[in-house]
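Here are a few friendly notes to read alongside the model. Take them one at a time, and keep the 3D view open as you go.

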Amino acid sequence: ASMKSFHCTVPTSYNEAELVKLKDLNCWKVFHAVADFNTTMAQGDVGTTLAKVWAEKAELASFLCGQADATSDSYTAAFFAVNAWGKGIMDGDECCNMVRAPYCLAMQRSLSTVAIGILIGAVILLFVGATLASCIMRPAKVQQRKPLGEVKVTPPFGEQMSAEEDLGTIQDELQRTWLQSSCLRALPGAQDLACSTAGIFACLQAGFGFQKDNARNQYEHLLSLWRSHCATVADRAVQEKAPVEETGLLVEALGDLHAELLEGFTVWRSKFYRCKATMGGREPPAPATEFRSARATDVPDLEVSRGAAEESRRLLTEVAVYLLVWGEAGNVRFMPEVLYFLTELLLASESVSPEELYGADAVVPTGPCTPYHSNLFLSKVIRPIYNVIFDEWYDRIDLDPKDGRDVKKLREGFDTYLPPDVANYDDWNELFCDPERLAQGIILHDGTC
């Protein structure tokens, strides 16, 4: 190749040491690129046409690095080395002619960059044109009225639904989220698992009084985690040079998801049940029967034993309960062992009836002005826990006169120094880390420990 065909230049301001560094940097990149190519060729993973192209690149780049080693002039050596990479390997698309970060620069605009520029320009022109047109040709406003008989009057907060209708509505909505929006719908067994997962979330939401938006958000959160673990399982099979079995991909990914997400909960739970003061050394129970909306044939459409289906249902229920508790927790998330305790209480619950769980006054909220409009779990469980921690430090919440924002007011004398016995998040959480102390410290509503 002639000198004129080289695309990369070397700054004339570089000293001897910088020129040597530039030469070594580029020829090092060339050496490793050629070595990677030779390894790939030896494995037989490259077609004939691509192999020919890469052989030509490797030959030119190696020749230029040889020229760089042969010359005694540092500037000429750096010039050959820079073009060994920029011309020989990168076809002039990139030049690594800097001795400091970012080291390399792209030398031409890609087609995608040009296309984006054209698109942005077109949008700006359309916006300007639409603005001018709206100013020049503003149509007269025409108000169309419906006949009085066609106007439908609805309650302020929408139509009232029974618990059964509400449960079915949220379940159908969640199931559509999987089968219409998630890429998991293409995998074997997705139809049955979508039905089972949506049923579990809907049952938990209605039974324990979680917010519907929390159920929607955590359902999508679960699908995102599940999708990532499906990719991880497939990557692991590829690395082990084993075929990717899509038939069991969802179930295997669920096991990995449970193991990673609930690792801390599993360790805490094991310690909790081994403690004689709390559970007498018993094994953790299976989730309550009300959670089992998935039949054995629903998990999933595979030839699996009933035991395997029950295990998948158990993992799915535990993940769903933990995510729903985590989604409601707010600042209580600073106490992970408290979340584990709440998750275990829900999993061990013998009932999913709000009246039995929260008392006779636990009414289902119908709007923002009704009791417990934040839903029962937040109002009856999370908020009282936070209030206990809040009351340790603060007296009340005021409004900042400057910007109208909420301001927490410390208790009298606390703005100077905090007493040594004031408990914070870590102190409360520490209680739930030790089952022995927890058994001694918890007092039930009937006054017993």
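1. Let's start with Y340, which is found in helix α11, spanning residues 336–348. Please keep in mind that this is a predicted model. Is Y340 buried or exposed? Its relative accessible area is 12%, and because the cut-off for buried is under 20%, Y340 counts as buried.

2. Next, look at who surrounds this residue. Which residues does Y340 touch, leaving aside its neighbours within four places in sequence? The contacts are G264, F265, W268 and Y322. Take W268: it is 72 residues from Y340 in sequence, yet the C-alpha atoms of the two are 7.4 Å apart in space.

3. Now for the rings. The model has a count of 19 aromatic pairs. In one of them, W268 and Y340 have ring centres 6.3 Å apart and planes at 50°, so this pair is described as tilted. W268 belongs to helix α9 (residues 263–274) and Y340 to helix α11, so the pair ties together parts that are 72 residues apart in sequence. Both partners, W268 and Y340, are buried.

4. One aromatic cluster is formed by F265, W268, F272, Y273, Y322, Y340, F341 and F432.

5. K29 lies over the face of W85, at 4.4 Å from the ring centre. R333 has its charged end over the ring of W326, 3.8 Å from the centre of that ring.

Conventions. Residues are numbered from 1 along each chain as its sequence is written. This is a predicted model: local features need pLDDT of at least 70, side-chain atom pairs count only at pLDDT 80 or more; totals for chains, interfaces and linings use all residues. Side-chain values use heavy atoms; hydrogens and water are left out. Helices (H or I, at least four residues) and strands (E, at least two) are DSSP runs, numbered from the N terminus. Buried means under 20% relative accessible area, exposed over 50%, partly exposed in between (1.4 Å probe, protein chains only). Contact means heavy atoms within 4.5 Å. Rings of Phe, Tyr and Trp (its six-membered ring) pair if their centres lie within 6.5 Å; planes under 30 degrees apart count as stacked, over 60 as edge-to-face and the rest as tilted. A charge sits over a ring if NZ of Lys or CZ of Arg is within 6 Å of the ring centre and within 35 degrees of the ring normal.
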